[in-house]
Amino acid sequence: MRKHWLIGGLASLLTLAGLAFIQEGPQEPPGSEDMVEVEYPSGQPIAFPHDQHAGSQPGQNNMDCQYCHYSAERSVDAGIPSVSSCWGCHQAIPGSNNPEEVAKIQQHIQSGDPIPWVRIYKVADHVHFPHMRHLNAGLECQQCHGEVQELQVLDSRDPAWGGDNMGWCVECHRQPDDTGKAQASTDCTVCHY
Amino acid sequence: MAENKSMKDGIKRRDFLRVLGVSGAGATLTGCSTEKVERLLPYVVAPDDITPGVSTWYTTVCGGCSAQCGMWVRTREGRAIKVEGNPNHPVSEGGLCAKGHATLQHLYHPDRFLGPMMRDGSEFRQVTWEEAESLLAARLGSAQNPMLISGRMGPSLNKLVDEFVEGIGGVRVSYDAISDAPLAEAARIVYGTAGIPQYDLENARFLLSFGNDFIETGSSPVAHNKGLARMSSVDAAGSKGRFVYLGPRLSLTGLNADKWIPIRPGTEAAVALAMAAVIAGDDPEAAGPYSNVLQAYNPRVAAQVAGVTEDAIFELAEDFVSEAPTLALGPGVGAHHRGATAANIAVMILNHVAGNVGRTVLYDAPVNGAVSAYADIEATVSAMASGESEVVMVHGANPVYSIPPQAGFAEAFAQVPFKVSFASALDETSEMADLILPDRHFLEAWGDSSPLAGVIAVQQPVMQPVPHFESKQTGDVLLSVANKLSGEGDAATFYDYLQEHHRSAYDEADGDFEDAWQELLRTGMADTRGEEARVLELQSPEIALSFEVPTFDAPGDLTLLVHPSPRFGAGEFSNSPWLQELPDPVSKIVWHSWLEMNPHTAELRGIRDGDIVTVTSPHGSLEVPVWLYPGIREDVVALAMGGGHTGMGRYADDKGVNALGLLPSTSEQPSGALVTTVTSVTVIPTGENRRLATVEGSSDQHDRLIAPAVALADLGHAGDDEHEEGGHEELRELQGVGGFIPVPADEGAPTAFPLEGSRHGLYADAQEGPRWAMAIDLDKCTGCSACVTACQAENNVPWVGEEQVLMGRDMNWVRIERFYEQVDATQAGDLDVRFLPMICQHCGNAPCETVCPVFATYHTPEGLNAQVYNRCVGTRYCANNCPYKVRVFNWYRYTDEVPEPLNWQWNPDVTVRDNGVMEKCSFCVQRIREVQNRAALEGGREVRDHEVVPACEQSCPAEAIVFGNIRDPNARITQVSSSERTYRVLEDLNTQPAVNYLKKVTFHEVASVGHEE
């Protein structure tokens, strides 16, 4: 019986000691108050099909990625198209597949509210990923983002996208180039600062 | 035992874990699920000049103080995130002070008014602009004797305000809390010019300051800081200018002097006239109409009056002629006593007889500084109290706070039937208003500036107005109200008015105005000054002048010096948490007030550091802790302005005491300026003591050669240990297996990096890349601390508050150390105070890197000591091991305390740190990457020298910091670091820092200090 008291006493002492270090409950990462809960990945406000716009199949429009994602070769951000960019074509193209989705663009143009897209591809906040350096090095968008032009709905759980995993980036950086050195730097501070 | 286990209701441990594993896996297999995601919000119409992720820069003018420095503002996605100096500006030349950097916080300050407010009993009620303007128009339409009290503003708005006030039949009162009126009045009396003279410090060889704190206040702190650094730092030929400070207290400016002559307060005129008398000698024409004045003064008389020796004054006079070109500056705001104008006249006479006018003192392009007369505002107090004025409007001023309570401004203001404030954020004056029409911050507004006659600069908005606040430019409001009153047509905008003002002054022969306007917006200024230097004649004074030592109110045994704060000015900047947490450049104290007292005086009275005392003058009394300071006379105490706010906001209120409570409401004759050095006080300990919230470790180097100096005479005799502090002995390193081996001589040199034995992997090719290094010239650094705030702004460095600072948890990445080597308050003598900006040294042999258990800190192939925030687990062993103590730890998530929209200021290129993460200077690695990215896009070219400019180097008005690739033999950093004055701090520890310091050069011999055995 005595042993129980000892163990119980020791346990409660340690618990109390541990409680002393608890400040508030588990902390949410900063900025998470801006996140929303949606049906993923189809929770997009407008059912935008990448394959119809960027695909190269017959009947598809074969648009260049950078027509919409316009800052990829100049900036750290690839950029997403402004509503007026969509409207540029769709003021004349009602869309035969989903005209009610296309009509939503007009609503946004008239109300002046941006289309609240759900973010699919994201790297952690402590990573500074520069799009323009990668384009400058000759990478294709598909090498990281997968064959987006074949997908109707984008999902970051697509195995082609490894952006939530640093090892995936490092593996490509480590690949030797023609001279036998690593083709890109694996120094931590090229991305983490 | 088994019974006890099954007593637990429900799931057993094993079952629990099994279920968790299955359901977790199940969740990932389903196609659709709900998840927490971020939104991506596109532009509706993308602006042409914004590329997301790329900075857009705008040129404008700082509206922080009357200096009107040029500014370049970095914006990202339409948000201003950093302000810097404009290198093309002829006055500030790219420098920016700490207050200038902090103006960005005022833009996003949560204490700004949400919109126009109308008084509703004791509260304010938000109204629309239409309602507010209509109400003002209605009241003005029928008001008797309306009055507008205004601070400093640009020429166009100034003209509009004049027209508006005339149109409503009112009176305009100019009011500057910090005013150079005595200097302006002196110039008017002596030379008949308007405006204050321009000083050419850079080309002077001998500078004399009679209590003029030109680095902290005055017509251009940044320009004068730069001028002092250029003049007093040793040049390539091995010579340097000399700076002597005369005054009862060493301000930050005074601490930079080579010699301190601690004269009694109010005795500047006597000394200046005595010197002028010696210089003029027998020449009756030298001082023109003032020759008879000079007859009454000589060094013996002045010595008695000033409390220094006759020889000191003689020597000063002789040097003032022989070390030409020379320059003397008369007392500034920190020394405004009852004879301030006379003292400035005396110094002008001194400059005249020494032949400085037209050389280092220039009257050709008068400086448009703050020169309003306090006497004017005293008159308005009576007008308000008598009910004469039915409407009083206040713009750009906070008189309820910044006027001594003795004046009765608050009581008189309360009598006014309708009070209007244009303040953009709450302050003590707008708190009393009946109607508030919040002005825009200068970063969101149009305007112009003319710091000197002949120099025009345009202030343009760098972003859309911050959407949280319904603010409107005062110029637009006045035009709209005038329009309502006149009922004619549509109101013009202030932008139209501004352009029209410049168009009418523009000579179309020089080209199309629209093109010129665009060019003006791009470069920021137009300089149309002529080249001629006028030689002026001394004019006969039209009033009787007295150069007697002024009186100080009694009783009291210590004279009180009330002076502007280098951080808060007269209190207009107190609501900036960056500035509250910026260690005061003199005392290193943060977040509260202190009374400066000489240590000997304190000892005699049994007062220790931190003792709370009651300071009583004939006009008021307050309690404040004492800070012992050797740089102040034994019969003087000093108190800085800017504390004791009661209605300015969350960071300003209840911090410290308002020094103006001890002053009478007295204006100096004939200038009408507020007298701040005017009373003596009694100081009585209360018996309580508090720990001062200071970041200072010690002001004594303890023979550690942290900031050694070299005498001017010994330059060129490098390596001669007898003369020089800090020689180079052979270092030996202890081996892990025992025994010492000598450290190779080239270790620490760029060629030796990366260290032998580590040249593989990431470091294999590091010999070809850049190696980043920095050089800080201590002969130039003036201790102004602009770099501290610049770094805080650039790198999202949090502020922690007084409590945390008291625990030693201050977060600034740069620390300006201040060491007293020679400070004597009892007699004229050499002064030796050393400033040392201490940052992460990016040691080649870093003690912090080896002890991190998770490799969060390591040495990059480019030579930086990297800190990877996401990897840090918060062991804090690295900070423990750092001998420079430059690593700071996020004990809490300090960013939780940052209210909207202050977080809009954050730099998106720098990670905002969570709690539990260590941080330190990164050599602005984000700027290095930005430049390297740009170079890669521009055909893969090399990064050029001086292309990477860290925030500290960019801001430094004294140009003391140089950064670059030290592996490049042609880079400036390499040339500067190969100086004979170069040394590294705590070199003997074999840390091999990448930060090279250049020793301060003194005129006096430096005591040789032995090495630690």
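This is a predicted model: local features need pLDDT of at least 70, side-chain atom pairs count only at pLDDT 80 or more; totals for chains, interfaces and linings use all residues.
View 1. On one side, 53 residues of chain A take part, in contact with 47 residues of chain B.

**View 2. Salt bridges and polar contacts between chain A and chain B.** Three salt bridges are counted between chain A and chain B. One salt bridge joins the side chains of A:Asp187 and B:Arg929, with an N to O distance of 3.9 Å.

**View 3. The side of chain A that touches chain B.** Four elements of chain A each supply at least two residues to this side: β1 (36-40), α4 (83-90), β2 (117-118) and α6 (131-136). Of these, β1(A) gives the most, with five residues. Sorted by class, the side of chain A that touches chain B holds 23 nonpolar, 16 polar and 14 charged residues.

**View 4. Strand pairing between β2(A) and β2 of chain B.** The strand β2(A) pairs with strand β2 (residues 39-40) of chain B. Their pairing is antiparallel and runs over two bridges. Which residue of β2(B) is the bridge partner of A:Trp117? The partner of A:Trp117 is B:Leu40. Besides this pairing, β2 (117-118) of chain A is among the elements that supply at least two residues to the side touching chain B.

Conventions. Residues are numbered from 1 along each chain as its sequence is written. Chains are lettered from A and ligands numbered from 1 in the order in which they are written. Side-chain values use heavy atoms; hydrogens and water are left out. Contact means heavy atoms within 4.5 Å. A salt bridge is a side-chain nitrogen of Lys or Arg within 4 Å of a carboxyl oxygen of Asp or Glu. A polar contact is a pair of N or O atoms within 3.5 Å; within protein, one must be able to donate a hydrogen and the other to accept it, and residues adjacent in sequence count only if both atoms are side-chain atoms. Ala, Val, Leu, Ile, Met, Phe, Trp, Tyr, Cys and Pro count as nonpolar, Asp, Glu, Lys and Arg as charged, and the others, Gly among them, as polar. Two strands pair if DSSP finds at least two bridges between them.
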